[in-house]
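Please open the model in your viewer and keep the selection panel at hand. The tour goes stop by stop, with what to select and what is there.

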Amino acid sequence: MLIHDRYGVVLTVVAAVGAVAAIVSLFRPRILPLVRSYLRATIAVVAIQVAIGIVLVATGHAPQQLLHWLYGAATLLALPVAMLIGKRLGGREEQVWLAGGAVLTVLFALRAMATG
């Protein structure tokens, strides 16, 4: 489980950098394409963490609290859902949804670490 714990810290740092970048993109819209790319990579990092967690559960290492499953799923879904909704709205609303999804990803990742 050590790899899952350490990778969770890395994931949280990656997500925090993405959240800061998304908030900055609210004031500097020209960096939005770069932020979108970074956030897509963040989704991949979260997906890898989920895959590691599923492998651990399959080998008999269940999380300490069942809430870990809820927060893990929320971490995985927050950013893609926000990106999907933001893309449909476009313009300034897209930037707000991206920032919100990125911040929620960090918050859910922190909570998942606390329940792990």
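In which helix is the place of alanine 19? Select it: alanine 19 is in helix 1, where helices are DSSP runs of H or I with at least four residues and strands are runs of E with at least two, numbered from the N terminus. Before going on, note that this is a predicted model, in which local features need pLDDT of at least 70, side-chain atom pairs count only at pLDDT 80 or more, and totals for chains, interfaces and linings use all residues. Residues are numbered from 1 along each chain as its sequence is written, and side-chain values use heavy atoms, with hydrogens and water left out.

**Stop 1: alanine 19**

Alanine 19 has a relative accessibility of 7% and counts as buried (buried is under 20% relative accessible area, exposed over 50%, partly exposed in between, with a 1.4 Å probe and protein chains only). Then show Ala102, Val103 and Val106, which are in contact with alanine 19 when its neighbours within four places in sequence are left aside; contact means heavy atoms within 4.5 Å.

**Stop 2: threonine 105**

Move to helix 4, where threonine 105 has its place. Threonine 105 is buried, at 2% relative accessible area. Leaving aside neighbours within four places in sequence, threonine 105 has contacts with Ala15, Val46, Thr75, Ala78 and Leu79.

**Stop 3: the aromatic pair**

How many aromatic pairs does the rule count? The count is 1, with rings of Phe, Tyr and Trp (its six-membered ring) pairing if their centres lie within 6.5 Å; planes under 30 degrees apart are stacked, over 60 edge-to-face, and the rest tilted. Select tyrosine 71 and phenylalanine 108: this pair is tilted, with 6.4 Å centre to centre and 35° between the planes. Tyrosine 71 lies in helix 3 and phenylalanine 108 in helix 4, so the pair ties together parts that are 37 residues apart in sequence. Tyrosine 71 is buried at 18%, whereas phenylalanine 108 is partly exposed at 24%.

**Stop 4: the salt bridge**

Next, select glutamate 94 and arginine 36, which form a salt bridge whose closest N and O atoms are 2.9 Å apart. A salt bridge here is a side-chain nitrogen of Lys or Arg within 4 Å of a carboxyl oxygen of Asp or Glu, and the count by this rule is 1. Glutamate 94 belongs to helix 4 (residues 91-115) and arginine 36 to helix 2 (residues 32-58), so the pair ties together parts that are 58 residues apart in sequence. Glutamate 94 is buried, at 12%, and arginine 36 is partly exposed, at 21%.

**Stop 5: the largest pocket**

Last, select His4, Gln49, Gly53, His68 and Gly72: among the 28 residues that line the largest pocket, these lie nearest its centre. On a 1 Å grid over the protein atoms alone, a pocket is an open set of points with protein on both sides within 12 Å along at least five of seven lines, and lining residues have an atom within 4 Å of a point. The space in the largest pocket is about 550 Å³. Helix 2 gives the largest share of its lining, 7 residues. Helix 1 (2-27), helix 2, helix 3 (67-89) and helix 4 each supply at least two lining residues.

Definitions and conventions: 1 Å grid on protein atoms, 1.4 Å probe; cavity = no way out; pocket = protein on both sides within 12 Å on 5 of 7 lines; lining within 4 Å. Points joined across faces, edges and corners; volume = space filled by probe spheres on them.
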